[in-house]
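The structure is shown first, and the description follows.

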Amino acid sequence: MSTFQQPEPKDRPARLTVGVVGAGRVGPALAASLQLAGHRPVAVSGVSEASRRRAAAMLPDVPLLPPAEVLRCAELVLLTVPDDTLPGLVEGLAETGSVRPGQLLVHTSGRYGVKVLEPALRAGALPLALHPAMTFTGTPVDVQRLAGCSFGVTAPEELRLAAEALVIEMGGEPEWIAEDMRPLYHAALALGSNHLITLVAQSMELLRAAGVEAPDRMLGPLLGAALDNALRSGDAALTGPVARGDAGTVAAHIAELRGHAPGTVAGYLAMARATADRALSHGLLKPELAEDLLGVLADGTDLPENGEDR
């Protein structure tokens with residue numbers, strides 16, 4: 001039997017009332033996670049019918065209110081809106097007097113640090129940037145996935161401990177990101193995660209076209225191993241026809257894609273060129289095999305006949 005005992009209420013850190021502005025996929029999940037840590041969601045705003053349903057499912061009995069009302073109710077406010085919407089939202093809330101001195105104002109944008117919250121800071125708010133490095137489904141499974149999830153954290157030095165404490169309470173791992181590095185940090189995540197989904201979806205479509213009935217079952221072990229190898233070994237994990245310099249195979253790929261899925265050719269060429277460059281620079285692709293390969297990738301055409309000039 002476990003001997004762990006919950007701390008007495010008087011021994012716990014101060015619990016906060018929590019508001020959410022923007023009931024997309026992220027906000028309700030973070031608020032639900034904070035609720036598990038003992039904080040109390042008190043208000044949420046959502047515009048679309050889908051966001052309202054999501055809020056009702058993940059934060060039952062929490063009232064739906066306009067953004068200004070959410071700020072008036074909560075000590076900690078999560079601004080979980082699209083990146084391009086965030087600056088205007090912050091300016092509007094500050095101009096209408098909705099921001100209260102001492103209020104924790106947290107945005108979850110990967111692109112921005114805390115400078116985007118400057119209008120609210122002038123109104124006395126305490127600015128934090130907490131970006132979960134995870135894709136969200138908008139369902140309760142997201143709360144479970146936050147366990148061990150890294151968060152990109154940016155905050156004034158005096159609020160650093162508070163920011164990191166909130167991340168830990170949500171089950172995450174804080175990773176400090178400098179203000180001027182936020183765009184690069186976000187680009188790196190988008191390159192790895194967003195583009196991965198596109199590549200996997202294209203691969204599944206091509207496998208179906210080739211007659212594979214369960215492309216997900218075929219790709220699962222392969223992609224899982226590739227991801228694990230890449231995380232462990234970086235470029236040393238590169239395999240396949242590009243890394244080997246099999247120009248004829250790559251040319252055949254391009255010909256098949258042009259015939260069956262021309263919309264995938266540009267992406268294949270771009271990724272193959274990037275792969276070839278990395279394989280060359282790390283000594284995996286032999287220079288004597290690279291010439292024909294790079295020629296194929298340069299113009300996306302078949303290999304020339306033996307002895308034929310390019």
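In this predicted model, α11 and α13 are roughly parallel to each other, because their axes cross at roughly 20° and angles under 35 degrees count as roughly parallel. The axes of these two helices come within 8 Å, and the crossing of α11 and α13 is left-handed. On the α11 side the contact is made by Ala247, Val250, Ala251, Ile254 and Arg258, and on the α13 side by Asp292, Leu293, Val296, Leu297 and Asp299. Sorted by class, the residues of this contact are seven nonpolar and three charged, with no polar residue.

Helix α13 (residues 287-299) also packs against helix α12 (residues 265-281), at an angle of about 160° and with the axes 10 Å apart. Because angles over 145 degrees count as roughly antiparallel, α12 and α13 are roughly antiparallel to each other. The crossing in which α12 passes α13 is left-handed. From α12, the residues Leu269, Ala272, Arg273, Ala276 and Leu280 meet Pro287, Ala290, Leu293, Leu294, Leu297 and Ala298 of α13; by class, this contact has 10 nonpolar residues, one charged residue and no polar ones.

| Pocket | Volume | Lining by class |
|---|---|---|
| Largest pocket | About 2600 Å³ | 29 nonpolar, 17 polar, three charged residues |
| Second largest pocket | About 560 Å³ | nine nonpolar, 11 polar, two charged residues |

The largest pocket, with about 2600 Å³ of space, is lined by 49 residues, of which Leu196, Leu199, Leu223, Met271 and Thr275 are the closest to its centre. The elements that give two or more residues to this lining are α8 (182-209), α9 (215-233), α10 (241-244), α11 (247-260) and α12, and the largest share, 15 residues, comes from α8.

For the second largest pocket, with about 560 Å³ of space, the lining is made of 22 residues, and those closest to the centre are Val26, His131, Met134, Phe136 and His186. Two or more residues of this lining come from each of β5 (126-132) and α8, with α8 giving the largest share, six residues.

Taken together, α8 gives the largest share of the lining of the largest pocket and also that of the second largest pocket, while α11 and α12, which each contact α13, are among the elements that line the largest pocket.

Note on methods. Residues are numbered from 1 along each chain as its sequence is written. This is a predicted model: local features need pLDDT of at least 70, side-chain atom pairs count only at pLDDT 80 or more; totals for chains, interfaces and linings use all residues. Side-chain values use heavy atoms; hydrogens and water are left out. Axes are lines fitted to C-alpha atoms, for helices over the stretch in contact, and angles run from 0 to 180 degrees between N-to-C directions. Helices (H or I, at least four residues) and strands (E, at least two) are DSSP runs, numbered from the N terminus. Angles under 35 degrees count as roughly parallel, over 145 as roughly antiparallel, 65 to 115 as roughly perpendicular and the rest as oblique. A crossing is left-handed if the near helix is turned anticlockwise from the far one by less than a right angle, and right-handed if clockwise. Contact means heavy atoms within 4.5 Å. Ala, Val, Leu, Ile, Met, Phe, Trp, Tyr, Cys and Pro count as nonpolar, Asp, Glu, Lys and Arg as charged, and the others, Gly among them, as polar. On a 1 Å grid over the protein atoms alone, a cavity is a set of points where a 1.4 Å probe fits but cannot get out, and a pocket is an open set with protein on both sides within 12 Å along at least five of seven lines; lining residues have an atom within 4 Å of a point. Grid points are joined across faces, edges and corners, and a volume is the space filled by probe spheres set on the points.
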